[in-house]
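Dear colleague,

Please find below the structure that I am handing over to you. My notes on it follow directly after.

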Amino acid sequence: ERESERLRDQLQALRRREDYKKLEAGRMKLPISSFADELKKTIRDHAVTIVVGETGCGKTTQVPQMVLDDMILRGKGAGCDIVCTQPRRVAACGVAERVAAERCERAGEPGALTAHQIRIESTKT
């Protein structure tokens, strides 16, 4: 519970940052953002959810952030682990770096919520 509160405070502070607000404005232009509420509800209500959309719509970078932020705001952030798979090392690193940048952090940095792992190589702290 204490960790979930810390994560909520961290998210609220992040959302007040001007650099984050600019990034978020760009994220809101992605097609997937118009389905955010429906996606979060579907994911909460079902054990498995398959998201299908055009390349570049935000499936890989936005849906995990939507889920994480929703869990954090509902006080369940400490119990939330999200794993995204990619077929290649470059894609895995690129996705982790992109999501981290959108959250104003560096993947694997102490305190960061994003990281990547490829076999035994990991940036998770």
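Is Glu102 buried or exposed? Glu102 is buried, its relative accessible area being 4%; here buried stands for under 20% relative accessible area, exposed for over 50%, and partly exposed for what lies in between, with a 1.4 Å probe and protein chains only.

Before the details, a word on the source. This is a predicted model, in which local features need pLDDT of at least 70 and side-chain atom pairs count only at pLDDT 80 or more, while totals for chains, interfaces and linings use all residues. Residues are numbered from 1 along each chain as its sequence is written, and side-chain values use heavy atoms, with hydrogens and water left out.

Salt bridges

The search of the whole structure gives 11 salt bridges, a salt bridge being a side-chain nitrogen of Lys or Arg within 4 Å of a carboxyl oxygen of Asp or Glu. Glu102 forms one with Arg27, where the closest N and O atoms are 3.7 Å apart. This pair links distant parts of the chain, with Glu102 in helix α5 and Arg27 in helix α2, 75 residues apart. Helices are DSSP runs of H or I with at least four residues, strands are runs of E with at least two, and both are numbered from the N terminus. Arg27 is buried as well, at 6% relative accessible area.

Glu102 also forms a salt bridge with Arg98, with 2.7 Å between the closest N and O atoms. Both residues lie in helix α5, 4 residues apart, about one turn of the helix. Arg98 is partly exposed, at 46% relative accessibility.

In helix α3, Lys41 and Asp45 are likewise 4 residues apart, and their salt bridge has its closest N and O atoms at 2.5 Å. Lys41 is partly exposed at 47%, and Asp45 is partly exposed at 45%.

Cysteines

How many disulfides does the search of the whole structure find? The number is 0, a disulfide being a pair of cysteine sulfur atoms within 2.5 Å. For Cys57, the closest cysteine sulfur is that of Cys84, and at 13 Å it is too far for a bond. Cys84 is in no disulfide either, the nearest cysteine sulfur, in Cys80, being 11 Å away. Cys57 is buried at 7%, whereas Cys84 is partly exposed at 40%.

Cys104 lies in the loop between α5 (89-102) and β1 (117-118). Its phi is positive, about 60 degrees, although Cys104 is not a glycine. Most residues other than glycine have a negative phi. Cys104 is partly exposed, at 22% relative accessible area.

With kind regards
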